Amino acid sequence: MLAVGLQGSPRKGGNNSHTLGLFLERLKSKGFETITLPAPQLKFAFCIGCGSCEKTGWCVFNDDYALKIAPILRRAEVIVMASPVYFYGPSAQLKAVMDRGQMFWSRKYRLKLSDPLKKRRRGYILSSAATSGDDLFSSFILNSRYFFDAIDAAYCGALTFRRAEGKGALASRSDTEKRVYTAADVAAAPFLPCKGRILFVCRDGAIKSRMAWAMATTIAPSNLWISHAGTDPQVPLKAPCDSWMEIRKTDLRYIPVHTLNERLETFSPNLIVDMDGSLSDHATVHADITWNLPALPPENDDETKALARQVEARVKKLIASLKGNDLSHNNHDTPSRIDTP
Ligand SMILES: Cc1cc2nc3c(=O)[nH]c(=O)nc-3n(C[C@H](O)[C@H](O)[C@H](O)COP(=O)(O)O)c2cc1C
């Protein structure tokens, strides 16, 4: 479960970096993995309105947005944007992040691709301003709501601070922490309490486990946390899998291939599903459920389609079998008593 903070203020250690830090700290304490993306420090081009993404689904720029911001936004369940009010709007740096989101708008509305996290992702806003005008935050909130729609995040609120001018203005207010923690709890509510963390593992980490992740996140309740990994990751297999999933209108383009060890650093599964026997001789990681899907990647479209059907059937059965179960106390080394498909 990933919470990402988009920091819009160029002032290091200022009000929004303080509130964003508290917000993410709260989510981390609830088990979320957290990442901060400081827009002013990242190097990316402004959207130039060339229309390329509307035709191809890709942006023409291969910069920090494409390599760092987009992949992280795409795998985040919670996105919180923090910005000072600059002339009654968000900072230019944060607005530039939103404008580059046109690529996601195109993927959703022009190419009709479906983001597997679209029913889960939530968006929240933090903002501060020096004065106390009525409409101080209206523009930022309106921009954000359209941006959140493009990236498939349900808008779930804004916490705003007036009369906060100096750098430490909010850090010195006694109620700031409580207000931010309450806001973070609102953003995280559907994910908590976590009823279990499922990890899908396959050998290449590029095809079956990413398909299973996409299918499971689409149908499982938000309080079942789901991830994926490969024992022997094969990144070159990612692109053909993404292309094929796009034919099914599922958008996996920015979902990375995770190595098993790297994934276990931030995700502690209660239930490990070994999709193709890749864990059978693993020294330290043991599966709770083993499926017998083919270990080798499919060689053509027909094989891929057949594989996807098999993955989908098993995922549906698994998620249905977990209904009402609380796995959160399971240790994945303990054999599961779940009726496995
Ligand atoms: C370029 C600029 C424009 C600003 N415009 C406004 C404004 O329109 N209304 C307002 O109340 N404060 C405005 N402010 C003040 C900031 O919004 C305020 O100090 C904020 O708390 C700074 O947050 P930070 O510490 O996270 O950077 C502006 C500040 C700057 C530098």
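Because the model is predicted, local features are given only where pLDDT is at least 70 and side-chain atom pairs only at pLDDT 80 or more, while totals for chains, interfaces and linings use all residues. Residues are numbered from 1 along each chain as its sequence is written.

The protein chain is divided into domain 1 (2-191) and domain 2 (196-322), with bounds that come from an automatic or database domain assignment. The C-alpha centres of domain 1 and domain 2 lie 29 Å apart. To the contact between them domain 1 brings 16 residues and domain 2 brings 13 residues, where two residues are in contact if their C-beta atoms, placed from the backbone, lie within 7 Å. On the side of domain 1 that touches domain 2, helix α3 (residues 64-74) gives the most, with three residues; helices (H or I, at least four residues) and strands (E, at least two) are DSSP runs, numbered from the N terminus. That side of domain 1 has seven nonpolar, one polar and eight charged residues. In this count Ala, Val, Leu, Ile, Met, Phe, Trp, Tyr, Cys and Pro are nonpolar, Asp, Glu, Lys and Arg are charged, and the others, Gly among them, are polar.

In helix α3 the buried residues are Tyr65, Ile69, Ala70, Leu73 and Arg74. Seen down the axis of α3, these residues fall within an arc of 120 degrees, so they line one face of the helix; the arc is that of the directions from the helix axis to the C-beta atoms. Among the elements that cover them are β1 (2-7), β2 (33-38), β3 (78-84) and α4 (92-100).

**The ligand**

The ligand is surrounded by 18 residues, of which the closest are Gly14, Asn16, Pro84, Ala129 and Thr131; a residue is near a molecule if its C-beta atom, placed from the backbone, lies within 6 Å of it. By class, this shell has nine nonpolar, six polar and three charged residues.

**Single residues**

| Residue | Phi | C-beta neighbours inside 10 Å |
|---|---|---|
| Phe87 | near 45 degrees | 8 |
| Arg163 | near 50 degrees | 11 |

Phe87 is found in the loop between β3 and α4, and Arg163 in the loop between β5 (154-161) and α7. A cis peptide bond, with omega about -10 degrees, joins Leu192 and Pro193, and Pro193 is found in the loop between α7 (176-188) and β6 (196-202).

Glu246 lies in helix α9 (residues 238-247) and counts as partly exposed because it has 17 C-beta neighbours inside 10 Å. Although Glu246 and Leu113 are 133 residues apart in sequence, they are 6.8 Å apart in space, C-alpha to C-alpha.

Methods:
A residue is buried if 20 or more other C-beta atoms lie within 10 Å of its own, exposed if 12 or fewer, and partly exposed in between; C-beta atoms are placed from the backbone.
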